[in-house]
Amino acid sequence: MAELKIVGTSVSRKDAVEKVTGMAEFIEDRYMGPMLYAKMKKSTVAHGKIKSIDTTRALKHPGVKAVLTGKDYPNLIGLYLIDRSFLAVEKVRFWGEPVAVVAATTEKAAAEAVELIEVEYEELPGVFDPREGMKPDAPLIHEDLANYEIVPIFYPKAGTNIANHFKIRKGDINKGFEEADLIIERDYYVPQMQHVPIETHKAAVQWSPDGKLTVWSTAQSPNVVRQLLSKSLDIPMHKIRVISSYIGGGFGCKAGASIEGLLVPIAQKFPGHIVRIVFTREEDMQGTFTRQALYSKLKTGVRKDRRITSLQYKMIWDGGAYTEYGVNIVRAAGYSSTGAYDIPNVKTDSYCVYTNNSIGGPVRGFGMCEMQWGIERQLEVIARELDMDPLEVRLINGMKKGSSTASGQVVHDLDYDKCLKVVADKIGWGKKESNRNGKYRGKGIAGLVKCPAQPSNAASSAIIRINEDGTAHVMIGATEMGQGMLTAISQIAAETLHIPVDKIDIKVPDTDFTPYEWQSVGSRITYTCGTSVKRAAEDALGQIYRVAADLLETPEEDLSFDGKNIFSTNNSDKKATIREVADSCKKCTGEGIAGPIIGRGSFVPTNMTNLDPETGQGNPGLFYCFGATGVEVEVDPETGVVTVLQLACSIDAGKAVNPQLCTAQLHGGTIMGLSTALYEEVCFDKGIMLNRNFTDYKIATIDNTPHMDSFIIETPETHGPYGARGIGEQPMIGVAPAIANAVCNALGVEFNTFPLTPERVWQAVKDKK
Amino acid sequence: MLSYDYIKCADLNLAFQELEEGEQVYPLAGGTDLIVGMRGGKFAAKTLIDIKDVPELNVLKEDDQGITIGAAITLNEVTGFTPVRENVPILAEGCHSVGSYSIRNRATIAGNICNASPAADTAAPLYALDAVINIAGSGGNRSIPIKEFFIGPGKTALNKGELVQSVLIRKPYPKGKGIYLKASRTGSVDLATVGVAVQRWGDQVKIAIGAVAATPVRAFSVEKAVNEAGEKRWADAARLVHEDISPITDLRGSREYRYHMVEVLVRRGLEQTMGV
Amino acid sequence: MTEKMPVNFTVNGDKEEREAVVGQTLLKFIRDELHLTGAKEGCEIGECGACIVLLDGKPVNSCLILAVELDGKDLVTIEGLSKNGELDRVQKAFIKHAAFQCGYCTPGMILSARALLERKPNPTDEDINQALSGNLCRCGAYQEIREAIKASSEK
């Protein structure tokens, strides 16, 4: 590979000046036109039949233009399992589920009218624990499960609350346990958390009299929004335009399609008006995806030589009231269920179970934080039982080139050992720090792995327009929600086109103008969109050479381009500026050679397969990204307060397209992980979410943030653009188990759940006594 | 958006009149609790009287009486006031524990106590300092000790037509160290799971605790043991605090954890103020 | 009920005479009436700091202030920080250190930082932590933010 000039450098963010000056446009920042404001009426029971909805008084309220209920939304929506309606029809399945929507000329009128809607429910027995929900006599939440449309890689059980049962059968589990000298069994629990991006969910919709629908949304995935709206509302795609401005944080909650469709029937009644909805913080916490809670049981067999022979992993996920997206998290956790370790015999059963809690859905890590919590805690227990070094257990069993995952996919491009060793070195692994002032110190380590969880044909595309002066517009459908995608993608384009990155313009997506991107999720954009852009740039560059060859009457293979001039490597007189080539090139005779140069590139994975329905064997991973976290803590056993003294994180990025932004992701994911490890838990009481604001749902602040040391490892991804792979979610995965392992080592206790709140740690110390 | 009247008031008597005659009239100073409470439906205000510019409420002074903190003085102003820092640093600690820096640029000590949350971070220090609340109203002025000001969660001794004019920390100031120890879920901007104020007064101690009862409470059992019986084993003294408190379980902590934490923080407070 | 009241104030150096609706928060007024949309809404209860602006030079949560309270005050929003197209040094440092990701909390974050540097030209880590603990950044750019603020202080 030629020496890279732009990829691998820390150029400033493309969105930098806009974002530090307040000019960056988020969707609520623009005046759009005559406005109607929408507000939702929400269910006051977690599970119940809707006996009646009386909207009479609300409709008469001054300023109110429309009040809609479930009957106005005949079709269901969903990404994988089509089980959700925009408004509840006939029954409600979680507390706070929207049952009606009001549109009014002011937000105040809309809010007042919502209070005037009267809804009568007949409350039904609820399911709040998926383990109970799995039982045959549990109250049924979706009576129509058997009739729902579903992508045929998921396996719901009709007549039950099980929305998906994913299985791994690899090797011979019994033989594996027979070979083992030690068998460890533990139960684990991971509670729900919330993404809480500082920007809540927002959408605005306009219906023009000619039947064109325009949607502005905080959506991470405008193309999916367009596709799902087209299907559920029966509008052809060319009549739907979806625009995602800058997004004030996504972390998964703005994936799929969420609130946009709710507004469309209103907009259709008032052509030309903009109908807008802005979620309050409370609505955002309670009404959008939560991270699914996970109840799990691990049984691990280990030989004395420290090799793990077998793993039996049972996962029961709290899918919440609708699992349109959640079924795939359950699947991803299933096919990745050995974590970063090579285990020959595996039996996994991963169940997605409907409950009457808030809707489960994607969160940074897509099941990996929850699933690998069990793996990484279990390894610690194993190490202690065998009196071995936890790092060594990880190094011995960790995946290496040629290892196979739970689904039997062979991994090639990784250096997991190095990921572990750098963080271990950094925190002084093996050096026991003495306890001081009645406080206990401990170190912990955890590894991590994740591949994008996406359909095997999730595609991507890019267009590059070369301007007359040789500058370029890169057009893509990926969204910018902070991850730095615009910058990294520009760098890939600039590198390939041999032009400086500041000669590239790139914008957030607008489906009328930017080409298809499946979703900005799964840490996939650098790889998928990056590959598309690289191909588009190569296409454009090829055209530049072809045109120049014609113009200069020189064979293409003799030409070179330095960003300004295309010249013959044999004859320095044969030279044309990029301007001459790009600006409707003509010969000296005046005869035209070529019009504007437009490069195109697209991508679809060719290395992924379906999985066997019985064994789960196959290739679900586009690429696998490994990393590790190392932590030193100090614990006050009296108060239970955990202080993180050292925090080191590593990621095998393949190639860091922009090392500074890669590090920023590493830090950001690590802080989110720390926040969940120590503070975050959504509390429910029979489906009612109790901590729905920042007063009682606490996330890490700057003074909770210790200094972090980060390490980028670069084992090139063979098919990634310039060797890069995605890293956005991964840094979060190892943090909770690493912190817990450190606390466990400090105190000599076991934690099977988190967050490690002061009270929980104190309780563990007390129970040990 | 809520509907109510707003009256900017520069004259205390006008404020009394509004408070006396109006229905659901609330004085507005920093607004950091009031506006949150109105949004959440806790307060149904029909009129807000903005009292920030009333001269009598903008007093921040030290004189022969002690330190007077007017109702419109922000927490950051209290924290930055040299006589407070030098003589009653425990109060600065309590004020500093409320919210974030930007909140403390608006929030006032009077607002913190008028909200009457048992967890109010300024309350326990004020209890331990035997602060006096100067109340003004159309019917005249009166002064009551802080412990009579708190009546229950959200309830104060203010009568209709009255407002807090100032908080007074009387001279003589306590001799000896005072400390406010707060347990919370994150250790950052957070409400107190429990808050313990321990103030040495020469060879005596006063201890006050927040978030463990319907109002902040004094730990009289502990004080008695230390001050009267001469208990020097701080752990033993601290154990007595269980008799002074009756915490509940909520999102911030269980009853058991609160009992435990109060004991730990009282002991630590005694160690740090009365000597190990 | 008085629906609107006159408010006279300066915003980013310019004198303004407006009317404010009673009951409207300062945040809504800044965004909807002044059309300065840098200040963001994130929680409406003063917990997140995305709406922080400088009022008489001090950082305050504009979601907890009424628009009518603006009368007689000096307001600075993120839009007023750069002068004649020249970015403030804190803004430059935020760019250099990649001290933001999604950018939603950034206006509030930068204004809190700016006010800190006025009070303490050479803040320690602890000073920064104290001053910015009311500015939530879910992207977790805190370490970069500390670095950016320290870099701005070294001049």
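The lining of the second largest cavity is made up of 12 nonpolar, 6 polar and 3 charged residues. This cavity has a volume of about 260 Å³. In all, 21 residues line the second largest cavity, and those closest to its centre are Arg84(A), Pro98(A), Ser258(A), Ile259(A) and Gly287(A). Please keep in mind that you are looking at a predicted model.

How many cavities of 30 Å³ or more does a search of the whole structure find? The search gives 11 of them, and the largest cavity has a volume of about 660 Å³. Its lining holds 39 residues; Gln483(A), Ser523(A), Gln665(A), Gly728(A) and Glu729(A) are the closest to the centre. Three helices of chain A, α13 (485–497), α14 (525–552) and α16 (659–678), each give two or more residues to this lining. The largest share comes from α16(A), with 3 residues. Sorted by class, the lining of the largest cavity has 18 nonpolar, 15 polar and 6 charged residues.

Next comes an open space, the second largest pocket, with a volume of about 1100 Å³. Of the 40 residues that line this pocket, Lys182(B), Ser184(B), Thr186(B), Gly187(B) and Ser188(B) are the closest to its centre. Elements from chains A, B and C give two or more residues each to the lining: β27 (642–652) and α16 of chain A, α5 (89–96), β11 (178–183) and α12 (255–274) of chain B, and α4 (125–132) of chain C. Which element gives the most? That is α12(B), with 5 residues. Here are the three spaces by volume and lining class.

| Space | Volume | Lining residues by class |
|---|---|---|
| Largest cavity | about 660 Å³ | 18 nonpolar, 15 polar, 6 charged |
| Second largest cavity | about 260 Å³ | 12 nonpolar, 6 polar, 3 charged |
| Second largest pocket | about 1100 Å³ | 16 nonpolar, 16 polar, 8 charged |

Now turn to chain C for a helix pair. Helix α3 (residues 106–119) and helix α5 (residues 142–153) of chain C pack at an angle of about 40°, and their axes are 11 Å apart. Is their crossing left-handed or right-handed? The crossing of α3(C) and α5(C) is right-handed. On the α3(C) side the contact is made by Met109(C), Ala113(C), Leu116(C) and Leu117(C), and on the α5(C) side by Tyr142(C), Ile145(C), Ile149(C), Ser152(C) and Ser153(C). By class, this contact has 7 nonpolar, 2 polar and no charged residues.

Back in chain A, look at helix α11 (residues 390–397). Because 6 of its 8 residues are buried, α11(A) is largely enclosed by the rest of the structure. The buried residues are Pro390(A), Leu391(A), Val393(A), Arg394(A), Leu395(A) and Asn397(A). They pack against β15 (308–320), α10 (368–385), α12 (416–426), β18 (440–450) and α17 (735–747) of chain A.

Our last stop is Gly592(A), in the chain A loop between α15 (578–582) and β25 (598–603). Is Gly592(A) buried or exposed? With a relative accessible area of 65%, Gly592(A) is exposed, because the cut-off for that class is over 50%. Leaving aside residues up to four places away in sequence, Gly592(A) touches Cys585(A) and Lys586(A). Its C-alpha atom is separated by 9.7 Å from that of Leu551(A), 41 residues apart along the chain.

Definitions and conventions
Residues are numbered from 1 along each chain as its sequence is written. Chains are lettered from A and ligands numbered from 1 in the order in which they are written. This is a predicted model: local features need pLDDT of at least 70, side-chain atom pairs count only at pLDDT 80 or more; totals for chains, interfaces and linings use all residues. Side-chain values use heavy atoms; hydrogens and water are left out. Helices (H or I, at least four residues) and strands (E, at least two) are DSSP runs, numbered from the N terminus. Buried means under 20% relative accessible area, exposed over 50%, partly exposed in between (1.4 Å probe, protein chains only). Contact means heavy atoms within 4.5 Å. On a 1 Å grid over the protein atoms alone, a cavity is a set of points where a 1.4 Å probe fits but cannot get out, and a pocket is an open set with protein on both sides within 12 Å along at least five of seven lines; lining residues have an atom within 4 Å of a point. Grid points are joined across faces, edges and corners, and a volume is the space filled by probe spheres set on the points. Ala, Val, Leu, Ile, Met, Phe, Trp, Tyr, Cys and Pro count as nonpolar, Asp, Glu, Lys and Arg as charged, and the others, Gly among them, as polar. Axes are lines fitted to C-alpha atoms, for helices over the stretch in contact, and angles run from 0 to 180 degrees between N-to-C directions. A crossing is left-handed if the near helix is turned anticlockwise from the far one by less than a right angle, and right-handed if clockwise.
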